[in-house]
Amino acid sequence: MFTESVIYLDHAATSGKKAPGVSTAVAAYLDGLAANVNRSTYAVSSQAAMRVLECRELLASRFRFASPSHVVFTPGQTAGLNMVIKGLLRPGDRVVVSSMEHNAVMRPLNQLQRLAGIKIDRVPCAPDGTLDPRAILPYLHEDTRLAVFTHASNVCGTMLPVQEIGELLYARGIPFVLDAAQTAGHVPIDFGALHLSALAVPGHKGLLGPSGLGALLLDPDFSERLEPLLCGGTGSASDSEEQPSYMPDRFESGTLNLPGIFGLHAALSFLTDAQILSLDESERRLAERMLDGLVQNKRVRVVGLPTGAGRVGVISIDCLTMDNAEAAYRLETEFGICTRCGLHCAPSAHKTLGTFPQGTVRFSIGYGTTEADIDAALAALDAVTAG
Ligand code: PLP
């Protein structure tokens, strides 16, 4: 897909370049004997099952999570978040979120508000997307059953103070679900240190694997309180018509996305802890470079934090002298620069940032982004906004 003439700055949507070995691993599964797992006992099926097990172990290890059997494969980030939200909340329950959440969180919650009368407490963030952790305290109630927070905004890259939030929630016994769509693979995440009950990660963004696959890491006690959204065949306990209670089968009905898991296994083998640290550092450096350049352009406003601190490499601008959609269109058609324009499935975040309804042009940095890409994007934006 990548061509020489394209500069891909839309890694927040999906990593444009996958980790080395991903396509080979997917092809090796599909071109070999693409056997199912957990259904049969012959050797190729057991070998595939071993790869699935190793992938769970790699995910557990990357996120400092002690229980690989509680790593559940999901059809993606949105599905994983729905599984937790709808698996736990019951009529009349309260849930607390920030004002920076993605629709993968807000739409299932609004659906439950409509269908089951749940109450949503939305903690307002500042106009740069930051949150004082103590601001959540007035929004925690006796009947708050769940807290869902994004780790970093998919609109402006601002990170929430999840360590402090985790401690406040833990002290009050409120389960904490972290939406790590924009941070998994970009920055180190420690499940235990954050006092998480559930961590949702997509396979196709910072983890550099194929799309259509994600993972939910579930604290063992918390997993027992969740009802599975999907029930069906697991290849186990086939004498019963009841869903198995043990993990991960309880939440993995139907055949898994095996080509995806083979690809994600390769991606995670590449993404060692050291590699994540080095990507974190280089993406921060590139974000600084982009932000330094954007400050020079008086025809755009940077939305969110103005420097590289407290953020990931997701950078949004609002064009002051022209329509954002036109700017994004010209960046692509005249300079081959791929960005994302609009509201990024996060209307509440844009209301917080003061960019609703016009939205922003979003440049997002990731694996494969170079200094030359940033310089080219800055020069192109200068040219486009100049006239
Ligand atoms: N949460 C956040 C913060 C996101 O940025 C995204 C996607 O961009 C999602 C959830 C949903 O991810 P997916 O589309 O991979 O299901």
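These exercises work through backbone geometry, cores and one serine in the structure above.

The model is predicted: local features need pLDDT of at least 70, side-chain atom pairs count only at pLDDT 80 or more, and totals for chains, interfaces and linings use all residues. Residues are numbered from 1 along each chain as its sequence is written, and side-chain values use heavy atoms, with hydrogens and water left out.

**Exercise 1. Locate the cis peptide bonds at proline 248 and proline 357.**

Step 1. Recall the background: most peptide bonds are trans.

Step 2. Check omega. From methionine 247 to proline 248 the bond is cis, with omega near 0 degrees. Between phenylalanine 356 and proline 357 the bond is also cis, with omega about 10 degrees.

Step 3. Place each proline. Helices (H or I, at least four residues) and strands (E, at least two) are DSSP runs, numbered from the N terminus. Proline 248 sits in the loop between helix H6 (220-225) and helix H7 (258-270). Proline 357 sits in the loop between helix H10 (347-353) and strand E13 (360-364).

**Exercise 2. Arginine 64 and histidine 344 have positive phi. Is each buried, partly exposed or exposed?**

Step 1. Most residues other than glycine have a negative phi.

Step 2. Read the angles. Phi is near 50 degrees at arginine 64 and about 50 degrees at histidine 344.

Step 3. Find the loops. Arginine 64 lies between helix H2 (43-62) and strand E2 (71-74). Histidine 344 lies between strand E12 (340-342) and H10.

Step 4. Apply the cut-offs: buried is under 20% relative accessible area, exposed over 50%, partly exposed in between (1.4 Å probe, protein chains only). Arginine 64 has 46%, so it is partly exposed. Histidine 344 has 1%, so it is buried.

**Exercise 3. Which residues touch the most other members of the largest nonpolar core?**

Step 1. Define the set: buried Ala, Val, Leu, Ile, Met, Phe, Trp, Tyr and Cys residues joined through side-chain atoms within 4.5 Å.

Step 2. Pick them out. Among 69 residues, they are Leu59, Phe149 and Leu199. H7 gives the most to this core, seven residues.

Step 3. Look beyond it. A second, separate core has 27 residues, including Val84 and Ile120.

**Exercise 4. Describe the surroundings of serine 153.**

Step 1. Serine 153 is in the loop between strand E5 (144-150) and helix H5 (162-171).

Step 2. Its relative accessible area is 1%, so serine 153 is buried.

Step 3. The serine 153 side chain reaches the backbone nitrogen of valine 155 at 2.9 Å.

Step 4. Leaving out residues up to four places away in sequence, serine 153 touches Met100, Thr158, Gln182 and Val314 (contact: heavy atoms within 4.5 Å).

Note on methods
A polar contact is a pair of N or O atoms within 3.5 Å; within protein, one must be able to donate a hydrogen and the other to accept it, and residues adjacent in sequence count only if both atoms are side-chain atoms.
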